[in-house]
Amino acid sequence: MHNFDFVKPSSIADAVKALSGDGAQALSGGQTLTPTLKQRLAQPSVLVSLTGIAEMKGVCMGADGLSIGAATPHAVVAREAAKDYPGLAALAGGIGDPAVRNRGTIGGSLANNDPAACYPAGVLGSGATIVTNKRKIAADDYFQGMFTTALDEGEIITGVTFPVPQKAAYVKFNQPASRFALTGVFVAKFAGGVRVAVTGASNNGVFRWTEAEAALSANFAAAAVEGLTVSPEDMIGDLHGTPEYRAHLVKVLTKRAVAAAH
Amino acid sequence: MPKDTGIGASSKRREDIRFLSGLGNYTDDMQVAGQAHAVFVRSTVAHGRIKSVGTKTALGMPGVLAVFTGEDFKDVGGNPAGWLINSRDGTPMKEPKRPVLAHGKVRHVGDAYAAVVAETLQQAKDAAQVISDETEIEELPAIIDMAQALADSSNRVHDEISDNQCFDWGWIEDNRAAVDAAFKSAPHVTTLELVNNRLVPNAMEPRASIGEYFPGTGDYKLTTTSQNPHLTRLLVAAFVMGIPENKLQVVAPDVGGGFGSKIYHYGEEALVLAAAKQIKRPVKWTAERSESFLSDAHGRDHVTKIELACDKEGNFLAFRTATLANVGAYLSNFSTATPTFLHGTLMAGPYKVPHVYVNVKTVFTNTAPVDAYRGAGRPEATYSLERVIDKMCRELDLDPFEVRRKNFITTDMFPYTTPVGLAYDTGDYHATLDKAMELADVAGFEKRRAASAAKGKLRGMGLSTWIEACGIAPSHLVGVLGARVGLYDAATVRVNATGNISVMVGAHSHGQGHETVFAQVVAEQLGVPESSIEIVHGDTSKIPFGMGSYGSRSLAVCGSAMTKAVDKIIAKGKKIAAHMLEAAEGDITFADGKFSVAGTDKAKTFGEIAFSAYVPHNYPLETLEPGLEETAFYDPANFTYPAGAYICEVEVDAETGKVEIASFTCADDFGNVMNPMIVEGQVHGGVGQGIGQALLENTSYDENGQLLTGSYMDYAMPRADDVPFYVVDASCATPCTHNPLGVKGCGEAGAIGSPPAVVNAVIDALHRGGHKVAHIDMPVSPARVWSAMNA
């Protein structure tokens, strides 16, 4: 690890200011950034911790749906969202291991947008809104490919607001080593239709499987996607699975998510 | 009633108190006054010619005390291979020099070509990065695929070895024609091509070393993560550095697992000693996990074609194998023995097969060196045999249990000499198979299969009946086979004046529990409490010259030396007792910690005799030396031959290809068992690693020689939820006939016997589900299973 300065502001305004400096880097739970620093693959001059900002923490049900502060750890979401949005709480409770869940945050996960992370599927599958220090961004506009988002330089995610569906479930098939999602599917059934978001599978990051959404909106049953096929084109191929395998998993896991939705 | 102390008791592991409460003393825990830090500069390319090493800037950087390159070590010795193997044509193997730091060429990603020593670790890292940036290496095409390496003589790992081949070994070459003839006339031949996947050892503690030099005496001290401190001392002193052995102390303190990878001497150990001498300060190096992936000796990596000739009833007539074994870029110390004498000699299994021929070609590639890893050669042999037998049973529609049964060597045939040169002393393979079948409830399989099917899962059952040769090893035999060392062991039993006992042993415990088990054995022999016995190991300045721990040898070899030393203590105690009790020596008996005059109530306790030996006021000084300390060396007469039967049941998710181990049953014959709990733990660990190999662990280099699985993000280690609750039994014991404790060794068994049981179970499940898949290479990952099902 290279040397760096560390600041821990207590307000969003102070954090934004600290991040405007040269070589400043936001640090949330650090579950990706800390290993990167340890491997000397990043050399920020200042780390700006976002975990000391009270207004960026917590889970609360409101008129717009379920709001989660960006600096809320996964373990807290797993516990506190369980009543209002059990499908999302289960997703949070299945990320990584207990150490990761007690340090890693929803904001950190979304800002990083790892193509195999779980939260992007939950956020896109829910049609959630990402709230930043500057604006609100719809999930459909936010995810722009592997490790790429709509965030501007220095822009901080402060929270996420989730409309709560009638039913939802996330089913993840683990990559055997990392236990990130080799493929993961989030299915959410709203009064106005069904959303299906897939993580881990595509070279373009999290995406919506619109054909399945249409089929499931007409008939919310695993059988509804039976006749559909997923193209392996643009799917990830690596040591742990071919594009064909991942395309196959998208369908299998979608069916399982539909069956598990509650 | 189970015993609560001594031999056969499940005494709790005394070492766990420090291991589990953070009180262990590992190499990296030690802060030696004035220590500086070494960091190695490692090649980022698999194959290249070193044009210049950029040391100039680094030498002026803050805190930098010294920089070393291959040039600094070009005149010292190389790290040698421990075994000289001859090719089939009688020519000796090719043995390229393995330098302390790469010189002239780099030969694998992670090959260290320079080292920096600095005041702090961070300063050393900063300088190492600059050296890496300022070094010029002309990249050469990487040699990764073994078949290609043999075929293309224009591209060479070592310029002087034209075909990248170390040797072409035939075992037993004189039998080849008879084996070929048996195949020609055989009613049935089953052929299987398979890969025994390369594994990264992944000891919990990475390698670490501290070098010290004492200018006042000219002595050196090396504290290092070794499974065998005397062997390391011999290699460092006599072969590499030219330090007199008596001037080098090697200490292997608490060591957090080895699995073979810490048997060997590595260049980092020589470097820290040389650096300590140059800067006259202690020098410490601790590997990072990514360095461990790149530079620890890996395991396995065989590509094998095995053929089985048999009659239509499944009676074995002959086995024939052709293997390419990867040795990586350099010969690690045991690397030439592992694919040969630890592999070819086991290719008869526990079977009365008349003809066997094994061919192994070892190949240099631009990958990390490959050497012995838990099981070492024997897992490769067992996997080949048990997979091809399983395939034959399917081809001929024969019951795999019955086929094993009809081919087993029977109890009336011992001692039994195999066609591959071993003499099995004892065993009862039918007994372990029967026991495993009973414990696994083979009869109830169909019911369980139906229950799995109701959940949408394919259930299968796989069998492996394995044997190994361990208790390594008879020196006269390994000498004939090419070993450059003897493989005896040694122990000193020192009875202290107050009657408690220090036992200095040549074996090294790095997780096995020697401190507990060895004390149990001595306590039993002497009739004293276990708590009065201390087991001392891991320091060449304290222990007699021993060969360390690997090859499931600690108890069978070092334990035998220890019991012989205790016998000498008892013999001397009788002499002292005879004097004190005014009786003839022949009338003294020793039992329950007391020396007694037979037929009388006259007796002296062990403590009284010990005290008398050190306070010899009433003592036969004219005929007997004072003191009570004895040393024994023990060289085994033969290998030991543990064997057993493993039955695995799996459930396969047909939609995703994911395999789950539903049950795993082990019936082992380890001979006499000293501590059942520790033996069970060893089996758990070994089977866990075997399941890891079978389902998860994959070491993958791309065509440029980059290690794709260089971290836990891509290298899948087995975790608690990947393995089942094991059923383990060691009751079918046939004690070893040639060592005093009748023990065989249990450390490697699980890793040897389990992989084929798992893979056979997966193939069985797929067949029962209507998928006629002949074979899937390990690791049997979900993606591979799905691809095989949908091929």
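**Briefing on chains A and B**

The secondary structure of chain B comes to 19 helices and 28 strands; helices (H or I, at least four residues) and strands (E, at least two) are DSSP runs, numbered from the N terminus. This is a predicted model, in which local features need pLDDT of at least 70, side-chain atom pairs count only at pLDDT 80 or more, and totals for chains, interfaces and linings use all residues. Residues are numbered from 1 along each chain as its sequence is written, while chains are lettered from A and ligands numbered from 1 in the order in which they are written.

**Overall dimensions**

- The C-alpha trace of chain B spans about 85 × 75 × 55 Å along its principal axes.

**A sheet in chain B**

- Five strands form an open sheet in the order 7-15-14-13-8 (chain B), with mixed pairing; two strands pair if DSSP finds at least two bridges between them.
- Strand 7 (165–171) and strand 8 (188–196) of chain B are the edge strands, each pairing on one side only.
- On average, neighbouring strands of this sheet are turned by 10 degrees against each other, direction ignored.
- Strand 8 of chain B runs antiparallel to strand 13 (residues 302–310) of chain B, and 9 bridges join them.
- B:E193 has B:K305 in strand 13 of chain B as its bridge partner.
- Helix 9 (residues 378–396) of chain B lies across strand 8, strand 13 and strand 14 (316–328) of chain B, at about 140 degrees to strand 8 of chain B. Axes are lines fitted to C-alpha atoms, for helices over the stretch in contact, and angles run from 0 to 180 degrees between N-to-C directions.

**Helix pairs in chain B**

- Helix 10 (residues 400–407) and helix 11 (residues 429–439) of chain B pack at about 160 degrees, with their axes 10 Å apart. That makes helix 10 of chain B roughly antiparallel to helix 11 of chain B; the term applies to angles over 145 degrees.
- In this pair, B:F401, B:R404 and B:R405 of helix 10 meet B:H430, B:L433 and B:M437 of helix 11. By class, the contact of helix 10 with helix 11 of chain B has 3 nonpolar, 1 polar and 2 charged residues. Ala, Val, Leu, Ile, Met, Phe, Trp, Tyr, Cys and Pro count as nonpolar, Asp, Glu, Lys and Arg as charged, and the others, Gly among them, as polar.
- Helix 14 (residues 514–526) and helix 15 (residues 554–580) of chain B pack at about 35 degrees, with their axes 10 Å apart. Their contact has 8 nonpolar, 5 polar and no charged residues.

**Contact between the chains**

- In chain B, 16 residues are in contact with 12 residues of chain A; contact means that the C-beta atoms, placed from the backbone, lie within 7 Å.

**Backbone details**

- A cis peptide bond, with omega about 0 degrees, joins B:W171 and B:I172. B:I172 lies in the loop between strand 7 and helix 5 (176–184) of chain B.
- The peptide bond from B:F414 to B:P415 is also cis, with omega near -10 degrees.
- A:R40 is not a glycine, yet has a positive phi of about 60 degrees.

Definitions and conventions
Parallel < 35°, antiparallel > 145°, perpendicular 65-115°, else oblique. Contact = placed C-beta atoms within 7 Å.
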